[in-house]
Amino acid sequence: MTGPILELSNIHKRFGTVQALTAAGLVVRAGEVHALLGENGAGKTTLMHVASGMLAPDSGEILIDGVPRRLRSPRDARGAGIGLVHQHFTSIPALTVAENIALFAGWEVRPRELALRVGALTQRLNLPLDPAARAGTLPVALLQRLEIVKALAGDARVLLLDEPTGVLAPSEADELLARARAFAEAGGAVVLITHKLDEALRGADRVTVLRRGAMVLERETGDGRRETEEGTGLGVRSQELGVLTRAMIGEASILDEPVPASFTAEDAPRRVHVAGLEVARESGLGMAVKQASLGIRAGEIVAVAGIEGSGQRELLRAIAGVLPVFRGTREVTQPLAFIPEDRTTEGLIPELSLTENVVLGLGRSASWVRRGRLDWSAAKRRTGEMIAEFGVRAAGTDVPAATLSGGNQQKLIIARALERLPAVIVAENPTRGLDVQATRAVHDRLREAAGRGVAVLLYSNDLDEVMTLGQRIVVMARGTLREATAGASRSAIGELMLAGPP
Amino acid sequence: MKRQVASFGAGLAVLAIFFAASGHDPVAALGAMYRGAFGSWYAFTSGTLVRAIPLMLIALGFTVGLRAGVLNIGGEGQFYAGAIAATWIGLKLGGWPTIAAIPLVLAVAFGAGALWVAVPAWLRLRFGVLEVISTLLLNFVAEALVSFMVQGPLQESQHIYPQSDQLPLSARLPVLPGTRLHLGIMIALGCAVLVWYVFRRTMIGFELRAVGRGPIAARVTGGLPVQRLAAMALLVSGAFAGLAGGVEVGGVSYALYPNLSPGYGFTAIAVALLARQSPVGIIASAILFGALEAGAGAMQRDVGVPAVAVYVAEAVTIIAVLLADTFSVRRRNVVTA
């Protein structure tokens with residue numbers, strides 16, 4: 001075994017009063033795919049920013065090929081062979097692929113030369129891209145490929161991938177993992193940052209787990225990976241899952257067990273009925289939803305699967321009344337509560353207090369509004385009760401919503417949604433970016449709501465979540481909605497997701 | 001509060017340096033300013049407070065807009081629109097009782113301000129034209145309209161001077177005996193209380209604030225007609241400035257003429273920024289800026305420093321306020337990162 005290509009040891013980093021990293025470490029060897037696991041807020045991204053020269057650690061050492069280095073900037077880190085692919089894309093949509101790469105890598109060459117150089121680069125990396133395509137027109141998977149090419153443009157030997165599969169379809173995610181593997185086998189090293197256990201086990205040779213900014217576990221993924229690939233060794237796999245989960249959350253594993261699809265009475269009243277629905281894209285160019293018919297009864301949880309951008313977002317928004325219906329029938333029982341995907345621009349106003357955000361969501365029908373007058377003390381009292389009831393961790397009801405963690409923000413949004421006593425809940429990616437415990441809490445609340453007779457419609461980019469939560473699963477592919485057969489397997493649903501027009 | 005005082009102090013300090021650098025005695029100049037603004041009951045009421053009235057009204061309007069996320073830079077133009085309308089209606093009310101004439105004059109001025117900003121509001125609603133630009137440009141149109149009016153339809157009866165006839169006594173605001181302070185101060189204070197109440201205690205006030213702070217969440221989560229509410233805030237904002245124009249004609253000048261406003265519409269933006277959107281703060285900061293303007297005249301008379309020098313103090317105050325805000329935001333961000 002060769003020595004470590006990148007070693008971070010005893011890294012400390014503090015932001016104001018928050019100790020983000022405490023004795024965090026990571027050892028990456030050439031030829032391996034290394035998963036960096038941890039809950040949201042465990043310090044994964046901070047550690048990667050230290051490794052890529054974006055943040056200077058308060059103390060600790062960075063060794064590259066065994067030599068201590070100080071990385072003062074991302075450029076330093078690239079020079080040392082470390083490339084970071086950010087969780088959020090950093091390409092400029094108006095520029096072409098080649099221009100984006102040149103901008104990032106600092107190439108100053110003439111356009112013709114540039115096209116050749118980019119062509120050579122993508123060929124060498126075996127990551128084909130059209131150099132002349134505008135970044136803004138690329139689908140998500142290619143945009144991410146562009147990010148990877150950018151990171152590797154400076155002859156990187158260590159590739160840091162921050163939550164790379166969140167935006168990808170299952171087959172695309174598999175392809176990404178395969179490419180990561182190929183890069184490692186060619187002598188490089190890949191650090192795969194993720195909070196998905198399954199992905200770490202499938203894709204990585206070794207795993208480092210961070211919890212509350214400290215390294216708590218480092219181990220080989222053992223035989224789990226290969227055996228999982230062959231579809232056997234489930235016992236080994238679940239054992240590994242248990243070990244990793246306990247390391248991540250620091251207590252007895254509380255994995256969200258799938259609940260057997262509960263039986264919804266045939267005669268339960270129908271809460272949502274859409275037929276022949278067409279919905280225009282938000283840009284106004286063409287139809288996002290071309291053909292969708294769906295009925296949801298009281299007490300049912302319907303989960304929509306689909307590759308990002310297949311029309312599921314527009315479908316849900318049209319049903320929620322946020323987007324206009326272009327054609328077709330839409331009958332929805334009110335009140336309806338909508339839980340938007342983007343918590344901090346659509347669900348909440350971060351600078352406003354928790355109370356104010358509750359007042360915003362409940363509108364003029366709330367009990368604290370009387371003939372246009374607003375009784376803030378009543379609103380505040382109720383908000384206090386809500387955050388206690390839903391376990392929202394906050395320093396009071398007057399603090400800005402921005403001070404809450406993502407999980408607590410989502411709990412507040414769900415508490416607010418349920419406060420309307422809705423007949424229907426429509427939720428987009430309700431656990432996006434949340435850690436295991438917060439995800440569990442959100443799932444519980446949605447199931448409880450359904451248990452009380454609320455019709456729940458949601459979509460998730462995480463197929464596992466769709467399968468865990470949905471009593472019925474429908475699949476959106478290129479604007480067309482299809483229903484999966486009851487008990488359909490993961491791969492059957494995956495096939496539907498990739499299906500073409502009918 | 002501490003920050004505002006420090007900002008204003010910085011403004012005065014730079015002004016003092018400016019005096020010294022231009023060969024004047026800063027102590028004498030600032031002393032003259034102080035006497036001109038606060039030196040006597042008459043100076044305070046008739047100099048400082050009289051100037052504070054239009055500043056207060058326009059700044060309140062600016063704040064209503066800003067809270068809803070619209071930047072009404074056209075206070076000066078709306079002030080003139082209100083002044084024109086008030087003059088026009090006031091001149092027709094010779095035989096009316098004061099109790100009816102004054103409310104009518106003020107209501108017409110209020111409406112004229114709203115009407116003047118209705119064009120930018122409509123442009124924003126219909127075509128998404130930035131109100132920052134459209135309201136600003138309409139200032140020049142309003143000033144030209146005043147020039148046209150005082151040489152045309154509203155010119156005084158002799159047709160010699162570029163100004164209107166004097167308002168009949170019945171349309172003039174009552175004055176505090178022994179001073180030039182007029183009823184406008186009560187109107188301005190009343191408006192401040194009203195704005196405070198609306199934003200503190202009513203749903204519409206909260207909705208406007210939500211539209212200003214998070215227009216997307218206001219639409220998606222609050223289900224609010226964001227653009228309509230923003231346009232409404234713009235109308236109210238213009239109406240306050242129009243009211244200021246009516247109050248100025250009815251309480252101070254009694255006639256329309258060009259340069260009626262020494263830039264109240266712009267100074268009021270500074271007043272609102274210093275007050276950081278607080279209606280109560282606007283009362284204080286309008287008096288402060290009123291004092292600067294009043295003191296400037298005295299300083300020019302007594303020490304011979306050009307009155308425009310006080311704009312240095314206004315500018316430095318505003319820059320200091322904005323810098324202080326920027327730094328405090330940055331500090332917060334570092335902590336939560």
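Tutor: In chain A, A:Leu336 stands opposite A:Val424 in β18(A). This pair belongs to the parallel pairing of strand β15 (residues 336-339) with β18(A), which four bridges join. The model is predicted: local features need pLDDT of at least 70, side-chain atom pairs count only at pLDDT 80 or more, and totals for chains, interfaces and linings use all residues. Residues are numbered from 1 along each chain as its sequence is written, while chains are lettered from A and ligands numbered from 1 in the order in which they are written.

Helices (H or I, at least four residues) and strands (E, at least two) are DSSP runs, numbered from the N terminus. Two strands pair if DSSP finds at least two bridges between them. β18(A) also runs parallel to strand β19 (residues 455-459) of chain A, and five bridges join them. Within that pairing, A:Ala427 stands opposite A:Leu458 in β19(A).

How many residues of β18 (residues 424-428) of chain A are buried? Five of its five residues are buried, a residue being buried if 20 or more other C-beta atoms, placed from the backbone, lie within 10 Å of its own. In a regular strand the side chains alternate between the two faces of the sheet. Both faces of β18(A) are covered, with A:Val424, A:Val426 and A:Glu428 buried on one side and A:Ile425 and A:Ala427 buried on the other.

Elsewhere in chain A, an open sheet of six strands with mixed pairing has the order β6-β7-β8-β3-β9-β10. Its edge strands are β6 (82-85) and β10 (214-220), each of which pairs on one side only. Neighbouring strands of this sheet are turned by 20° against each other on average, direction ignored. Inside the sheet, strand β3 (residues 33-38) of chain A runs parallel to strand β9 (residues 206-211) of chain A, with five bridges between them, and A:Leu36 stands opposite A:Thr208 in β9(A).

Terms used: A residue is buried if 20 or more other C-beta atoms lie within 10 Å of its own, exposed if 12 or fewer, and partly exposed in between; C-beta atoms are placed from the backbone. Axes are lines fitted to C-alpha atoms, for helices over the stretch in contact, and angles run from 0 to 180 degrees between N-to-C directions.
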